[in-house]
Amino acid sequence: MYGEPAGIAYRIEDLAHHSGATVRTIRAYQDRGLLPRPERRGRANVYSDAHLARLRQIADLLDRGYTLASIKELLEAWDAGRGLGGVLGLVAEVDGPWTDEEAVRISRAELAERFGGHPDDAAVADAVELGVLERVPGEDETFLVPSPQELAVAAELFGAGVPLSAIASHLRELRGQVEHIASRFLEFTTEHVFARYLGEHRPTDAEATEAASLVRRLRPLAQQSVDAELARAMRLFATRHLRRHLGSRQPVEPPAETREVALPADTIRAVERLVGAGHAADFIAAAAEREVRKRTLDALAANGLRSNGIAEPS
């Protein structure tokens, strides 16, 4: 990387201006081994475009949450010829947006209008804590909404009569459960897909590029599988819930008239062995009903044959 043509020469003040780093930070990076020393030209220290590119790489990795120690390892791999482009591509793929939603801004007045027309500072504080709203530096009356869809769901629930405090509590509970699902999906894909890229040695540039491609392919699968299973579970439990509540309000029908019929003890024991003692009575009743229906159908068929002048089969 540092054997390239010199290109533009920068003094340290110029390098700081173009990179956004301070002079003090640049010198600290040099002391830590993150940034090579400048070239000495006469009495001046001169930096190149390569130094500027390195500073921008460091800033990008810091923004992604990497520590200076881990950044140093990545940059050493790059300098050793193992490649950083694929690794940075993998980092960008994992760290990039996992949804097609785009963040929007909303004013405090618009927020109050969507939620009853009255400002609720406690509810806003809950929303900020949960990340549903983000404060905009220097703008006290404006919030960033990372997921407009999530805010819309909250507004619909509030409009249906759910208190804001209950919505916040539900989201906290739901988030914990969803994070568990995400963790399990990550463990599953790591074990069966990405284990070969996460061994003792850092992946090569080609391997990191391949892993980034796999992340891109598998990224939507987690949401698709959760969507399908959630739809199945909601249908199952909503149907049960509705039947239970409707059933509890249905008038109780008077029991049908019953008569006791004596059956041989051996017959009762045989039925109990077949279906269990608890189901013996139901089984006998169903068998008797089936026999009655069969004989009724036989009688109807016989009458139809006779009315058409057809002899019954012997």
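**Exercise 1. Find how many aromatic pairs the whole structure holds, and describe the one formed by F115 and F158.**

Step 1. A search of the whole structure gives 2 aromatic pairs. Rings of Phe, Tyr and Trp (its six-membered ring) pair if their centres lie within 6.5 Å; planes under 30 degrees apart are stacked, over 60 edge-to-face, and the rest tilted.

Step 2. F115 and F158 are 5.8 Å apart, centre to centre, with 55° between the planes, a tilted pair.

Step 3. F115 sits in the loop between α6 (108-114) and α7 (121-130), and F158 in helix α8 (residues 148-159), so the pair ties together parts 43 residues apart in sequence. Helices (H or I, at least four residues) and strands (E, at least two) are DSSP runs, numbered from the N terminus.

The model is predicted: local features need pLDDT of at least 70, side-chain atom pairs count only at pLDDT 80 or more, and totals for chains, interfaces and linings use all residues. Residues are numbered from 1 along each chain as its sequence is written, and side-chain values use heavy atoms, leaving out hydrogens and water.

**Exercise 2. Decide whether F115 and F158 are buried or partly exposed.**

Step 1. Buried means under 20% relative accessible area, exposed over 50%, partly exposed in between (1.4 Å probe, protein chains only).

Step 2. F115 has 11%, so F115 is buried. F158 has 26%, so F158 is partly exposed.

**Exercise 3. Describe the pair F185 and F188.**

Step 1. The ring centres of F185 and F188 lie 6.5 Å apart with planes at 45°, so this pair is tilted.

Step 2. Both residues lie in helix α9 (residues 164-194), 3 residues apart, about one turn of the helix.
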